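This report covers the sheet, the helices around it, and a few local features. Start by viewing the model.

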Amino acid sequence: MTQCCINPSILSADFVNLEAELQRISNADAVHVDVMDNHFVPNLTLGLPVVQRIQAVSPVPLDAHLMIADADRWAPGFADAGLASVTFHAEAAIAPIKLARELRARGAKAGMALRPGTPVEPYLDMLSELDMLLIMTVEPGFGGQAFLDVTLPKIRRARKAIDGSGIGVAIQVDGGITEDTITRAAEAGANVFVAGSAVYGAEDPAAAIDRLREAGSQKLRSAAE
């Protein structure tokens with residue numbers, strides 16, 4: 001995959017002025033919405049009713065990242081709400097294949113996330129059930145963390161397996177993405193990038209998105225040659 005997608009995380013946005021903050025990233029490919037329940041991760045953010053309101057005013061599709069316990073029970077509700085993409089954590093799902101199929105049946109793209117320390121190999125056989133594999137490049141739960149280079153080999157193994165299977169599964173990375181780290185992640189095989197601080201910490205978030213997209217696209221093109 002040579003298309004570079006930038007999905008800014010609103011975890012770094014000004015929640016008091018969220019509708020305006022969404023308009024500042026209207027050139028993004030999707031809005032990354034971090035849903036945390038203070039159980040799976042030690043932080044609490046947004047619930048489904050707030051996500052539904054965000055979707056109502058967002059200029060681009062929503063990409064939900066559910067850092068929540070009991071994903072089998074709660075994730076389908078986000079697909080029912082009409083979100084473009086819903087990603088659950090493998091560590092929080094009892095029946096990940098069943099859940100991925102349910103998300104797709106309800107009209108959402110199905111994504112599955114892995115913590116930095118979770119190996120990808122046990123899940124390679126279910127790639128055909130997914131639209132996206134999210135490899136966390138920081139520990140989930142907080143924004144503003146530094147990119148973990150130790151995750152790069154896992155990204156490479158996932159990309160090799162996906163390319164070998166011929167299945168069009170995107171690889172998303174989330175955590176510590178900057179103009180520097182996006183090139184390393186793209187070289188390893190990621191093509192969808194979640195950036196929070198690098199976008200909303202910039203004076204012009206839209207310009208920051210363009211710079212990230214160009215940096216990632218150049219690396220993806222060179223890797224494909």
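A residue counts as buried under 20% relative accessible area, as exposed over 50%, and as partly exposed in between. The model is a predicted one.

## Two positive phi angles

N38 is not a glycine, yet its phi is positive, at about 65°. The residue sits in the loop between strand 2 and helix 2 (48–57). Is N38 buried, partly exposed or exposed? Its relative accessible area is 46%, so N38 is partly exposed.

D70 also has a positive phi without being a glycine; the value is about 55°. D70 belongs to the loop between strand 3 (62–67) and helix 3 (71–80). Its relative accessibility is 36%, so D70 counts as partly exposed.

Strand 1 pairs with strand 8 (residues 192–195) in the parallel sense, over four bridges. Within that pairing, I6 has F193 as its bridge partner. I6 and P8 point one way from strand 1, while C5 and N7 point the other way. All of these residues are buried.

Strand 4 (residues 85–89) and strand 5 (residues 109–114) run parallel and are joined by five bridges.

## Helix 5 against helix 6

Two packed helices are described by the angle between their axes and the distance between the axes. For helix 5 and helix 6 (residues 181–188), the axes come within 8 Å and cross at roughly 35°.

Which residues make the contact? Helix 5 supplies L152, I155, R156 and R159. Helix 6 supplies R184, A185 and A188. By class, the contact residues are four nonpolar, no polar and three charged.

## Aromatic rings

How many aromatic pairs does the structure hold? The count is zero. One ring does have a charge over its face: R115 lies over F40, at 4.5 Å from the ring centre.

Notes: Residues numbered from 1 in each chain as written. Predicted model: local features only at pLDDT ≥ 70, side-chain atom pairs only at ≥ 80, totals over all residues. Heavy atoms only, no water. Pairing = 2+ DSSP bridges. Axes fitted to C-alpha atoms, helices over the stretch in contact; angles between N-to-C directions. Contact = heavy atoms within 4.5 Å. Nonpolar A, V, L, I, M, F, W, Y, C, P; charged D, E, K, R; others polar. Buried < 20%, exposed > 50% of the residue type's maximum accessible area, 1.4 Å probe, protein only. Phe/Tyr/Trp six-rings, centres within 6.5 Å; stacked < 30°, edge-to-face > 60°. Lys NZ or Arg CZ within 6 Å of the ring centre and 35° of its normal.
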